[in-house]
Amino acid sequence: MRQELRALTGLRGAAAMAVALAHFKNAFPANAGAAFMWHNAVDLFFCLSGFTLSYVYSRDTFRFSDYLTARIARVYPLYLVCLISAGALYVWPRLIDPVTYPASRAALDFALQLVMLNGWPVIGTGMHWDAPAWSLSAEWFCYVALFPLLLFRNAPPTAAARFLGIV
């Protein structure tokens, strides 16, 4: 396993902090977007996370089960607590309604959120009981479908093709 890239870890931490603070920007309307473009922090965090994963994992020693276990252990416990809390404290008592949001639809949404598929293309409903958790469904898609695929793909043969892949 490669050594930790401390500078990138710090930058990822700053991006994660910016994302966390962005959820409170409505409390500070005077400077909500002036000092930092909050929405770009998510993109920065995702890019740095992808780079870090590709730096840490080698295609020679990659084991999908170990990788997936590490990803679940890192993300899922807090996600599950927040999902159940949002459902019990907000969705169930305030949103479930036979006309506007029936229990059958809520059960499907809960099941998709439970396995973090709610934001996936085609199969997801886009419903997020815990609004900040939308990014975790997208992150899960990258963990499960995108990263392993890219890890085993050969690099494009020319510098121009590699540049276009970055853009």
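## The loop between α4 and α5

Met116 is found in the loop between α4 and α5, in what is a predicted model, where local features need pLDDT of at least 70, side-chain atom pairs count only at pLDDT 80 or more, and totals for chains, interfaces and linings use all residues. Residues are numbered from 1 along each chain as its sequence is written, and side-chain values use heavy atoms, with hydrogens and water left out. Helices here are DSSP runs of H or I with at least four residues, strands are runs of E with at least two, and both are numbered from the N terminus.

Back to the loop. The phi of Met116 is near 55°, a positive value in a residue other than glycine. Val122 lies in the loop between α4 and α5 as well, and Val122 also has a positive phi, about 70°, although it is not a glycine. For context, most residues other than glycine have a negative phi.

Are these residues buried or exposed? Met116 is buried, at a relative accessible area of 3%, whereas Val122 is exposed, at 86%. The cut-offs are under 20% relative accessible area for buried, over 50% for exposed, and partly exposed in between, using a 1.4 Å probe and protein chains only.

Val115 sits in the loop between α4 and α5 and counts as partly exposed, with 44% relative accessibility. From Val115 to Ser137 is 22 residues in sequence and 8.7 Å in space, C-alpha to C-alpha.

Trp120 is in the loop between α4 and α5 too, and Trp120 is buried, with a relative accessible area of 15%. What does Trp120 touch, not counting residues up to four places away in sequence? The list is Ser137, Trp140, Phe141 and Val144, where contact means heavy atoms within 4.5 Å.

## How α3 meets α4

Helix α3 covers residues 64-95 and helix α4 covers residues 103-114; their axes come within 11 Å and cross at roughly 165°. That makes α3 roughly antiparallel to α4. On the angle scale, under 35 degrees is roughly parallel, over 145 roughly antiparallel, 65 to 115 roughly perpendicular, and the rest oblique. The axes themselves are lines fitted to C-alpha atoms, for helices over the stretch in contact, with angles running from 0 to 180 degrees between N-to-C directions.

The crossing of α3 past α4 is right-handed, a label used if the near helix is turned clockwise from the far one by less than a right angle, with anticlockwise giving left-handed. On the α3 side, Tyr76, Tyr79, Leu80 and Leu83 meet Phe110, Gln113 and Leu114 of α4. By class, that contact holds 6 nonpolar residues, 1 polar and no charged. In this scheme Ala, Val, Leu, Ile, Met, Phe, Trp, Tyr, Cys and Pro are nonpolar, Asp, Glu, Lys and Arg are charged, and the others, Gly among them, are polar.

## How α3 meets α5

Helix α5 spans residues 134-151, and its axis comes within 12 Å of the α3 axis, with a crossing angle of roughly 180°. That makes α3 roughly antiparallel to α5. The contact divides into 13 nonpolar, no polar and 2 charged residues.

Who takes part? From α3, the residues include Phe64, Tyr67, Arg71 and Tyr79. Among their partners in α5 are Glu139, Trp140, Tyr143 and Phe147.

Gly87 has its place in helix α3 and counts as buried at 10% relative accessibility. Leaving aside neighbours within four places in sequence, Gly87 is in contact with Trp92, Pro93 and Trp129.

With neighbours within four places set aside, Tyr90 is in contact with Ser85 and Leu95.

## The chain as a whole

The chain has 6 helices and 0 strands. Of its 167 residues, 25% are buried. Among contacts between residues at least 6 apart in sequence, 56% join residues at least 24 apart.

The chain exposes about 11,300 Å², and carbon and sulfur atoms supply 68% of that; accessible areas come from the Shrake-Rupley method with a 1.4 Å probe, and for residues only the protein chains shown count as cover.
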